[in-house]
Amino acid sequence: MSSAVYARIRENPKFQELVARRSRYSWFLSILVVAVFYGFVLVVAFDPKLIGAPIAEGSMWTVGIAFGLCMFVGFWLLTALYVHKANGEFDAISQEVVRAAWKEGQP
Amino acid sequence: MMRRALLSLTLLGLSGLAYAKPGLEGAVEKQPLNLHAIAMFLVFVVLTMGITYWAASRTKSAADFYTAGGGITGFQNGLAIAGDYMSAATLLGLTAMVYTKGYDGYIYMLAFFVGWPCILFLMADRLRNLGKFTFADITAYRLNQGKVRTMAAVSSLTVVCFYLIAQMVGAGQLIKLLFGLDYNVAVVVVGALMMIYVTFGGMIATTWVQIIKAVMLLTGGTLVMLLAFTQFDFSYTKLVKAATDLHANGFALLTPGNLLSDPVTAISLCMGLMFGTAGLPHILMRFFTVTDAKEARKSVLYASGFVGYFFNVIFLMGLAAILIVGQNPQFFEGGVVGGKLIGGGNMVVMHLAQAVGGNMLLGFLAAVAFATILAVVSGLALAGASAISHDLYARVIKKGAATEAAEMRVSKIATIVLGIVAIGLGILFENQNVAFMVGLAFGIAAAANFPVLILSMYWQGLTTRGALAGGYAGLISAVLLVVCSKSVWVAVLGNPAPLFPYEQPAIFAMPIAFLAAWLVSKLDGSAQARAEMEAFEDQFVRAQTGYGAATAAAH
């Protein structure tokens with residue numbers, strides 16, 4: 001029974017659009033986070049001096065701390081962005097698709 | 001082999017790993033009885049016992065027991081995840097690491113943090129939409145229930161056991177230090193409280209223990225940080241200048257040390273921490289406690305906010321401790337500044353609390369540390385018990401025909417057994433170096449749980465045989481690589497040189513697991529495999545929309 005609903009959802013072009021958009025969004029963000037972080041790890045491994053250098057002459061802020069803090073804050077902001085988008089826009093489409101498929105099955 | 005290896009553990013000092021649990025470097029001196037700490041801890045115990053009593057009256061169904069009826073809000077779950085994730089090692093070990101190694105500690109914390117955004121982007125919705133009680137609900141969704149669940153239960157229990165041993169030994173040592181209680185008494189108290197929380201209160205009580213602990217940890221840490229920071233007029237520049245002037249490493253304190261100088265180790269460690277987080281059964285289980293995918297996403301937002309915030313608090317505490325603790329003879333054995341810290345290196349944050357807030361704050365932070373261990377072991381015990389009752393008993397042995405009452409009874413018995421095993425192992429391993437066990441737990445989670453979990457959600461081509469091949473290949477290779485590495489082969493078994501040059505298994509074991517799963521699935525031309533691939537279509541729609549997902553109302 002639910003299999004029929006699943007089939008109807010699958011056939012709905014809106015569903016396909018939702019899936020395509022959401023996965024583009026989540027893969028883009030994931031790759032961004034992984035690339036930035038592992039790029040940073042490579043710098044740690046190959047050029048530790050750069051990480052320990054001050055961002056400006058005489059400053060107590062080093063490149064590593066400043067960039068690390070930016071990652072903490074930036075990655076967290078990305079999670080907020082994703083939650084906002086997924087819980088708002090994407091979930092609205094998703095609900096609409098499910099409702100349509102479910103209604104269609106009613107006598 | 002593994003058993004013999006573990007039993008023949010020899011005492012050795014291996015430190016520097018962030019995973020190193022407090023006091024894991026071996027025996028520690030018992031401290032005088034700390035009445036402030038004991039009083040505050042008793043308040044915590046009374047409060048959580050009251051909650052357990054209340055939770056017990058609300059724990060009627062299996063869903064209540066495993067997932068608090070799916071009625072936890074995103075904010076509550078975010079706090080509980082933070083409470084589940086940040087163990088005593090976070091508070092004590094990482095502060096100590098910043099104190100001695102400076103920036104290396106910050107890198108570890110970043111690696112611990114960065115898994116969270118990826119869990120949110122790739123896993124959170126699907127976990128909630130497909131799972132019910134354990135993560136094996138997802139891996140076994142369209143595959144052979146018996147075989148896949150057995151595998152998931154084996155690797156979950158392995159992860160849980162190693163993690164539990166490390167926590168119990170850490171707890172015993174820590175409590176001996178902080179409270180002046182006997183080691184065995186401490187281990188029995190932790191085990192007994194954990195059994196009471198979990199058997200009577202199930203996930204509801206466990207969640208609230210974790211929430212209260214998270215609030216205590218965040219409050220205590222923030223308080224110590226602020227009080228310490230006042231001494232530097234809240235100026236980061238002033239703090240860093242003073243700390244780097246004083247520290248033996250000078251300004252190089254903020255340069256990565258030799259801990260991560262080797263790229264393979266650095267990347268492997270980061271992979272283990274990042275993907276291990278996404279494969280820890282007690283963390284994954286938390287995603288099933290919320291009403292829907294919306295709340296699951298919010299939980300990650302809150303959890304990562306708290307975790308990220310606290311890591312930065314720890315960094316400031318570690319730097320401040322260099323000045324406040326590092327120059328005060330009262331915290332060093334024999335009053336020799338720069339000598340051995342009283343109670344060992346992991347006591348830095350406790351000394352800092354005493355220096356800035358006196359005995360009251362020290363007592364509070366000690367109680368926080370104890371509560372922290374309790375919250376983590378309770379989460380672990382519940383995850384282990386659910387693997388036994390929900391996966392092995394109800395689905396594998398009874399083939400889905402077990403009644404809910406019988407399943408709950410089994411999970412309660414499993415909790416008691418796990419508690420007794422944990423107490424026994426905790427006592428057995430008292431003077432052993434168990435630092436490698438948490439690393440092993442993360443390594444197994446990253447190599448055995450994560451690849452199969454992510455493939456089952458994303459790759460239509462995964463078949464039962466492929467999942468089994470990937471899961472077992474990851475489990476075996478992670479265990480073997482750790483056994484052959486320095487931390488076990490040399491440090492524990494006493495051999496002169498390691499067979500495997502790296503400490504961290506993830507960079508090798510994870511590709512092995514993915515490759516095995518892919519190859520075996522590709523070669524699997526059975527009719528069953530075709531049916532499994534077809535079933536992916538429906539699973540995919542449910543994963544995307546949540547239609548048909550286990551909901552709070554359905555219970």
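Biologist: Which residues of H4(B) are buried?

Modeller: In this predicted model, the buried residues of H4(B) are Gly74(B), Gln76(B), Asn77(B), Gly78(B), Leu79(B), Ala80(B), Ile81(B), Ala82(B), Gly83(B), Asp84(B) and Tyr85(B). A residue is given that label if 20 or more other C-beta atoms lie within 10 Å of its own.

Biologist: What makes H4(B) mostly covered?

Modeller: The count does: eleven of the twelve residues of H4(B) are buried. As for what they pack against, the buried residues of H4(B) meet helix H9 (183-230), helix H12 (281-286), H13 and helix H14 (348-397) of chain B.

Biologist: How do you know what span is expected for helix H4 of chain B?

Modeller: The rule is 1.5 Å times one less than the number of residues. Helix H4 covers residues 74-85 of chain B, twelve residues, and 16 Å is expected at 1.5 Å a residue. From its first C-alpha to its last, helix H4 reaches 16 Å, close to that expectation.

Biologist: Happy with that one! H13 of chain B came up as a neighbour of H4(B). Why is H6(B) called roughly antiparallel to H13(B)?

Modeller: The axes of H6(B) and H13(B) cross at roughly 175° and come within 9 Å. Angles over 145 degrees count as roughly antiparallel, so H6(B) is roughly antiparallel to H13(B). The residues of that contact divide into 17 nonpolar, five polar and three charged.

Biologist: Which elements of chain B touch chain A?

Modeller: To start with the contact itself, 43 residues of chain B are in contact with 43 residues of chain A. Elements giving two or more residues to this side of chain B are helix H6 (103-130), helix H10 (236-246), helix H11 (263-277), helix H13 (293-324) and helix H20 (527-545). H6(B) gives the most, with eleven residues. By class, the side of chain B that touches chain A has 25 nonpolar, ten polar and eight charged residues.

Biologist: And chain A itself: how do you know how its radius of gyration compares with that of a compact globule?

Modeller: A compact globule of 107 residues would have a radius of gyration near 13 Å, but chain A has 22 Å. Along its principal axes, the C-alpha trace of chain A spans about 75 × 25 × 20 Å. Of the 107 residues of chain A, 30% count as buried.

Biologist: What makes the pattern of chain A α-α-α-α?

Modeller: Chain A has four helices and zero strands, and reading along the sequence gives α-α-α-α. Among contacts in chain A with a separation of 6 or more, 63% come from residues 24 or more positions apart.

Technical notes. Residues are numbered from 1 along each chain as its sequence is written. Chains are lettered from A and ligands numbered from 1 in the order in which they are written. This is a predicted model: local features need pLDDT of at least 70, side-chain atom pairs count only at pLDDT 80 or more; totals for chains, interfaces and linings use all residues. The radius of gyration is taken over C-alpha atoms; the globule rule is 2.2 Å times the number of residues to the power 0.38. Two residues are in contact if their C-beta atoms, placed from the backbone, lie within 7 Å. Ala, Val, Leu, Ile, Met, Phe, Trp, Tyr, Cys and Pro count as nonpolar, Asp, Glu, Lys and Arg as charged, and the others, Gly among them, as polar. Axes are lines fitted to C-alpha atoms, for helices over the stretch in contact, and angles run from 0 to 180 degrees between N-to-C directions. Angles under 35 degrees count as roughly parallel, over 145 as roughly antiparallel, 65 to 115 as roughly perpendicular and the rest as oblique.
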